[in-house]
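Dear colleague,

Please find below the structure I am handing over to you. My notes on what was found in it follow directly after.

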Number of protein chains: 2
Amino acid sequence: MKVHNFNAGPSVLPNEVLYKASKALIDFEGSGMSILEIGHRTEPFIAVMDEARNLVRELMQLDDDFEVLFLHGGATTQFMQVPMNLLESSETAAYVDTGVWSNKAIKEAKVFGYVDVVASSKESNYNHIPKQFTIPPQASYLHITTNNTIYGTQWHMTPVTDVPLVADMSSDIMSRSMDFNKYSLIYAGVQKNMGAAGATMVAVRKSILGKVSSRKIPGIMDYRNHIENGSMLNTPPVFAVYISMLTLRWLKEQGGIPAIEKINDKKAALLYDEIDHNPLFRGTVVKEDRSKMNACFIMDKPEMEEEFLKFCKKEDIVGIKGHRLSGGFRVSMYNALPYESVEVMVEAMKYFSLKKA
Amino acid sequence: MKVHNFNAGPSVLPNEVLYKASKALIDFEGSGMSILEIGHRTEPFIAVMDEARNLVRELMQLDDDFEVLFLHGGATTQFMQVPMNLLESSETAAYVDTGVWSNKAIKEAKVFGYVDVVASSKESNYNHIPKQFTIPPQASYLHITTNNTIYGTQWHMTPVTDVPLVADMSSDIMSRSMDFNKYSLIYAGVQKNMGAAGATMVAVRKSILGKVSSRKIPGIMDYRNHIENGSMLNTPPVFAVYISMLTLRWLKEQGGIPAIEKINDKKAALLYDEIDHNPLFRGTVVKEDRSKMNACFIMDKPEMEEEFLKFCKKEDIVGIKGHRLSGGFRVSMYNALPYESVEVMVEAMKYFSLKKA
């Protein structure tokens, strides 16, 4: 029995990834050892790490200036590591504030230098992506959060700027075609679209590193050390990297990002169409900025929400309660979520609505 | 088929942990979801995290001033995080240098303040633990590495000092009874005696925190934030924490640290006895400082080493090649390594020796 898993992250993974990993937990490729028991400096694991890094490069079509790393620490550690490596203590980085995650990034950057919040949608409870803003030409970089899980917003354009562009893509990485080469540093906790909690993917241009002179960077935080050591500066999160490799392999077999994007578009269209036509529900986000990963909506009669949640639970629908900051519902539709699960969700909305009519 | 796994880490785990985890990868406690697919803020996972933290407290018999955390980043991140939280930029921390890992810790501490290396066994290639040294009474803390995997040395006493004692116990945590309450901060990458790569255990006294005023500590690096958030400041390495919980549960079922220590003593005695009596082999470490976790030894005729390695491989003995800095062999005997594996190892040494006689 498999539920319909709309969790915001950690979230649904492809069945074949789980089955393969489950077997590798007992015996990894006939080694007589579990994937958890093999040395990380042995050939079989180096092959896993290299394949994971190469699949990121290939699927995102990154140019040669990029290096791909799998690190510990989650995107939250990147909130600190990015300014530590890129922001002089006397200089200013530009950040766009699109919610909780942007704010955490801003807070950590202020530990290291100055921050200019060039735009914010805070006043409207982050229901849209700010589009009119000026980026100071002397900014060390511009930081954006491409998808905002809590509010259900997503950048559908890339800011045009001459300063290095840095993006937290934790919740929509690998879900849609983008010109990733417009960015200078991309990071993502892998636990949504490219694996399970415990690893963080960083794609960084070598050419932007080594320019900060106002502080000593601890060895473990310096991207250059990780690059030099093939993403194995210390014992990597072996199993999390293995799951990422399997998930990326699965994505490639599906046809890569363009193919999964088509399915993601179909899933989002199906759900938003129901939200827009069902009289009981209402989307909370400005239409043009709706996220295709996380759809946030409420009920016109909030007192019905509890009942709808219970109804969904009986249908094996899991993880749709909205974040406490947004209320209502949040339906996450990451790459591994089957189209059929969205159909079940929409059927539940339709049926509940008829029952109440 | 299961090999005899003497890997230095990641390393052997209890079979029942692997089987349980393998099942949870498909369906976690009847949830219809994999352990990789559940939300980390859901009750079932909070229960896992709490049980893991409580088991550490119980097994190590930590007093109430201690808080137990499971963090990202490996012990290498602690090399940075410890001085960041405990060392004023104008003050000095004392470190004992017992090899590569101590040195890495020393290097990171120097980013934040001054370091006084109060003792070192470097001149004898780290073949012993220094015992005669003075700890400056004004040192912010004294840092030791209780077990040194590369050289096969181990502290068999605890330094007596009034300054806070900090220890990297990555490679012998949970393997022997100690008065852990003599320490102020204990950290360990969990991938040797308490789980798989991807999580780091930190046990820290609340009373030593919050005293550094010469720097801003990034939010993700401040132990107090992790304590306040129940070790869930950000998405934790869910699966690695789960594996730790299962491994600690297994240890408790074995009778806890005193029971496993007896077995570890027996395993070490069996192997070192063979090293000392077999004419082909010779231990590299001063006897009184030998590690019960990692036995390092060489052959009197180095040209035979390759042949012995090949012979062992045929006997399904894995992971005994010494670190390049020590040469020869390193046989790691962590908690989960069965006594029978050491018997097989010793038999191989005996048989090889007879063949060569």
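B:Asn125 is found in the loop between strand 4 (114-120) and strand 5 (142-145) of chain B; helices (H or I, at least four residues) and strands (E, at least two) are DSSP runs, numbered from the N terminus. Although B:Asn125 is not a glycine, its phi is positive, at about 50 degrees. B:Asn125 counts as partly exposed, with 42% relative accessibility; buried means under 20% relative accessible area, exposed over 50%, and partly exposed in between (1.4 Å probe, protein chains only).

This is a predicted model, in which local features need pLDDT of at least 70 and side-chain atom pairs count only at pLDDT 80 or more, while totals for chains, interfaces and linings use all residues. Residues are numbered from 1 along each chain as its sequence is written, chains are lettered from A and ligands numbered from 1 in the order in which they are written, and side-chain values use heavy atoms, with hydrogens and water left out.

Further backbone features

B:Ser231, also a residue other than glycine, has a positive phi near 65 degrees. B:Ser231 sits in the loop between helix 5 (223-228) and helix 6 (238-254) of chain B, and is buried at a relative accessible area of 3%.

In chain A, the peptide bond between A:Gly9 and A:Pro10 is cis, with omega about -5 degrees. A:Pro10 belongs to the loop between strand 1 (4-5) and helix 1 (15-26) of chain A. In chain B, a cis peptide bond joins B:Gly9 and B:Pro10, again with omega about -5 degrees; B:Pro10 lies in the loop between strand 1 (4-5) and helix 1 (15-24) of chain B.

The annotated lysine

An unreviewed UniProt entry carries the annotation "modified residue: N6-(pyridoxal phosphate)lysine" at A:Lys192. UniProt positions are given in the numbering used here, feature names are shortened, and annotations may be inferred rather than shown by experiment. A:Lys192 lies in the loop between strand 9 (185-189) and strand 10 (200-205) of chain A and is buried, with a relative accessible area of 13%. Leaving aside neighbours within four places in sequence, the residues in contact with A:Lys192 include A:Ala8, A:Gly9, A:Thr149 and A:Tyr334, where contact means heavy atoms within 4.5 Å. The side chain of A:Lys192 reaches the backbone oxygen of A:Ala8 at 2.9 Å.

The two chains

How is chain A superposed on chain B? A rotation of 180 degrees with 0.0 Å of shift along its axis does this, at an RMSD of 0.0 Å. The two copies are thus related as by a two-fold rotation axis. The superposition is by least squares on the C-alpha atoms of residues with pLDDT of at least 70 in both copies. Of the residues of chain A, A:Ser22 comes closest to the rotation axis, its C-alpha being at 2.3 Å. The same surface serves both copies, as 100% of the contact residues of chain A recur in chain B.

Chain A and chain B each bring 54 residues to the contact. Between them they bury about 4100 Å², 63% of it on carbon and sulfur atoms; buried area is the accessible area (1.4 Å probe) that two parts lose on being put together, summed over both. Two salt bridges are found across the interface, a salt bridge being a side-chain nitrogen of Lys or Arg within 4 Å of a carboxyl oxygen of Asp or Glu. A:Lys2 forms a salt bridge with B:Glu37, the closest N and O atoms being 3.1 Å apart.

Salt bridges within the chains

Over all chains the count comes to 34 salt bridges. A:Arg205 and A:Asp63 form one of them, at 2.9 Å from N to O. This pair links distant parts of the chain, 142 residues apart: A:Arg205 is in strand 10 of chain A, and A:Asp63 is in the loop between helix 2 (43-60) and strand 2 (66-71) of chain A. A:Arg205 is buried at 11% relative accessibility, whereas A:Asp63 is partly exposed at 27%.

In chain B, B:Lys252 forms a salt bridge with B:Glu58, with 3.1 Å between the closest N and O atoms. B:Lys252 in helix 6 and B:Glu58 in helix 2 (residues 43-60) of chain B are 194 residues apart. Finally, a network of salt bridges links A:Arg53, A:Glu67 and A:Lys206.

Yours sincerely

Technical notes:
A polar contact is a pair of N or O atoms within 3.5 Å; within protein, one must be able to donate a hydrogen and the other to accept it, and residues adjacent in sequence count only if both atoms are side-chain atoms.
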